[in-house]
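I opened my notebook for a structure that is new to me. Here is what I looked up, entry by entry.

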Amino acid sequence: AGMLDALWGAFMASGNGEYVRRIISVLENPASDLLLRSAARWSLGSNARQHSLVHQFCQEEVSRPDISAQGREELEEILQKAATAP
C-alpha cells in the first residue's frame, strides 16, 4: 500500500501518467497480491472520479492494444463506476 501512496503522490506532484500506468499494471498482473490489487482498483476508481486527468489516463490505457484482457475488464468496470458516481 505504501508503494501505491508513493505513486499517487508522484503523480499528483508531476501529472506524469507513467505513475498511473504503473498502478494499472498491478491490475494486469495475476501474480499481484489480492490486497494490493484491491487497493489499486479502489484508488484508481476514487481518483478517476475526482480527477479528470486520471480518468483520461485510464481511458487511454483501456484502449491500449497490448493491455491484458483482465486489465481491460477491470479498467472498464472502474471507468463505468466512475461515470455513474455522484
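What share of the contacts between residues at least 6 apart in sequence join residues at least 24 apart? I found 52% in the protein, with contact meaning heavy atoms within 4.5 Å.

A note on the ground rules: this is a predicted model, where local features need pLDDT of at least 70 and side-chain atom pairs pLDDT 80 or more, while totals for chains, interfaces and linings use all residues. Residues are numbered from 1 along each chain as its sequence is written, and side-chain values use heavy atoms, leaving out hydrogens and water.

Next I looked up the fold. I counted five helices and zero strands (DSSP runs, H or I of at least four residues for helices and E of at least two for strands, numbered from the N terminus). The C-alpha trace spans about 30 × 30 × 25 Å along its principal axes.

Then I went looking for aromatic pairs, and the whole structure gave me two (ring centres of Phe, Tyr or Trp, its six-membered ring, within 6.5 Å; planes under 30 degrees apart are stacked, over 60 edge-to-face, the rest tilted). W8 and F11 pair edge-to-face, at 6.1 Å centre to centre and 85° between the planes. Both lie in helix 1 (residues 2-14), three residues apart, about one turn of the helix.

F11 also pairs edge-to-face with F57, at 5.9 Å and 80°. F57 sits in helix 4 (residues 52-62) and F11 in helix 1, so this pair ties together parts 46 residues apart in sequence.
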